[in-house]
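Please keep the sequence and the coordinates at hand while reading.

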Amino acid sequence: MPLHAELHRHLGGAVAPRIFWRFLHRQNHPLATQFPVYEEFEAFLTQPRASLVEFLELHTMVEQVQTLDNLQYFISKLVRGAYVFEGILYLELRYTPYYRTDTAETQSRRIEQMAQIITTIASAASMPDYPVVLKQILCMHSCLPLEVNKAIVELATMQREHVCGVDLAGPDFLYRNRLSELVGLFEVARENGLKTTCHLFETSNGFYPEFLPYLNRIGHGIQVALERPDLLVEIAKRQQCLEVCPTSYLKTGTLPDLTSLRQVFHNCERAGVDIAICTDNPGLHNVRLPFEFENLLSLDIIDFEQLKRCQVAAYRHAFAWPHNEPPDSIVRDIINKQAGTMTGPDEKPKSSCHLQ
Ligand SMILES: [Zn+2]
């Protein structure tokens, strides 16, 4: 029964290595010749990188394959896998639409093509047998010029049916020289009524508190809890949620191991800051959402009560979950209703007998 909400997952990192490898070989893609053996491909994709910048090069490799013509294939596999193997019911999928457009075209033509990317993803994600509620987060990117990032915010504003928010991704050291420009884009997004999240306080390069007043959620944010716990007070007041993606920090070389996350969970809980546990790139990491949960439990970083609170927080901070409560409340209703039915139409429930 799918019950989980996933708030931080990149399209470029979400495709399972085997599905990606098979696709390359069926299409006779040039990358296929580099990796004739699947196991070598999987090892290449999932090995830890020395830095976030090095890790992001993998996304560039995937993006060149996830073009408009191929999106239907990748999205349908991704939704099916999320539903069947991960128990995901609500998924916010993020990507930079500009990087899925035709690289042979001019910048203005590529900006025009972005709308088509959104509708193609939305229609591919609509699968009656795998009814995941999938909403899109459009990522601005620190490598893209202002004009393109501005167009991404405008597009998100116009495509409310499919898009639930905006984000900023890309190497975080590049934020520094464009800080007022990038913060200004978030200001515009909020003025337009968009929900916002931003890759922030992920690495030691990502300390930019200037963004915080304009965000609903913080993409990662682990360094706040570790290095700037003083900021947690304001974050709690603004009811901002951290999107913590444990395996990511090992794959990008941000943390040597996951033990310091214990402090992240502890400090956030003490300050009243919610955490949603997410995957970031389950395909490139080869770790699906239930295993992120299980890893944290096995390593004694959180207990089951904390896990439950994080799972409920994911629904509370979801940008487009259409109900007041998480889906397990519906399951409880079904079970209670069934228990009532089993007593038979003329019989009174046993508890009523005691009351008479
Ligand atoms: Zn991310």
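A residue is called buried here if 20 or more other C-beta atoms lie within 10 Å of its own. The model is a predicted one, and in its helix H1, which covers residues 17–26, the buried residues include Pro 17, Phe 20 and Trp 21. Viewed down the axis of H1, the buried residues fall within an arc of 95 degrees, so they line one face of the helix.

Among the elements that cover the buried residues of H1 are helix H3 (38–46) and helix H13 (282–285). Just after H1, Asn 28 adopts a positive phi of about 50 degrees.

## Overall build

The secondary structure of the protein comprises 17 helices and eight strands. The radius of gyration is 21 Å, close to the 21 Å that the globule rule gives for 356 residues, so the protein is as compact as a globular protein of that length. The C-alpha trace spans about 80 × 50 × 40 Å along its principal axes.

Of the 356 residues, 42% count as buried. Among the contacts with a separation of 6 or more, 73% are accounted for by residues 24 or more positions apart.

## The sheet

Strands of a sheet pair through backbone hydrogen bonds, either parallel or antiparallel. In this protein, an open sheet of eight strands has the order E1-E2-E3-E4-E5-E6-E7-E8, and the pairing is parallel. Its edge strands, each of which pairs on one side only, are strand E1 (4–10) and strand E8 (275–277). Neighbouring strands of the sheet are turned against each other by 25 degrees on average, direction ignored.

Helix H8 (residues 179–191) packs on this sheet and touches strand E3 (133–141), strand E4 (163–169) and strand E5 (195–200), while its direction makes about 160 degrees with that of E5.

## Strand E7 and its two partners

Strand E6 (residues 217–220) and strand E7 (residues 241–244) run parallel and are joined by three bridges. Within this pair, Arg 217 has Cys 241 as its bridge partner in E7, and Ile 218 stands opposite Leu 242. E7 also pairs with E8 in the parallel sense over three bridges, and there Leu 242 stands opposite Ile 275.

Which way do the residues of E7 point? Cys 241 and Glu 243 point one way from the strand, whereas Leu 242 and Val 244 point the other way, and all of these residues are buried.

## The nonpolar core

In soluble globular proteins, nonpolar side chains tend to be buried together. The largest nonpolar core of this model has 93 residues, and those with the most contacts inside it are Ile 152, Val 166, Ile 275 and Ala 276. Leaving aside residues up to four places away in sequence, Ala 276 touches Leu 7, Cys 241, Glu 243, Cys 310, Ala 313, Ala 314 and His 317.

## Two buried residues with positive phi

Phe 201 lies in the loop between E5 and E6, and its phi is near 50 degrees, a positive value in a residue other than glycine. Phe 201 counts as buried because it has 28 C-beta neighbours inside 10 Å.

His 220, by contrast, lies in strand E6, and its phi is near 85 degrees, again a positive value in a residue other than glycine. His 220 is buried, with 27 other C-beta atoms within 10 Å.

How values were computed. Residues are numbered from 1 along each chain as its sequence is written. This is a predicted model: local features need pLDDT of at least 70, side-chain atom pairs count only at pLDDT 80 or more; totals for chains, interfaces and linings use all residues. A residue is buried if 20 or more other C-beta atoms lie within 10 Å of its own, exposed if 12 or fewer, and partly exposed in between; C-beta atoms are placed from the backbone. Helices (H or I, at least four residues) and strands (E, at least two) are DSSP runs, numbered from the N terminus. The arc is that of the directions from the helix axis to the C-beta atoms. Two residues are in contact if their C-beta atoms, placed from the backbone, lie within 7 Å. The radius of gyration is taken over C-alpha atoms; the globule rule is 2.2 Å times the number of residues to the power 0.38. Two strands pair if DSSP finds at least two bridges between them. Axes are lines fitted to C-alpha atoms, for helices over the stretch in contact, and angles run from 0 to 180 degrees between N-to-C directions. A nonpolar core is a set of buried Ala, Val, Leu, Ile, Met, Phe, Trp, Tyr and Cys residues joined through C-beta atoms within 7 Å.
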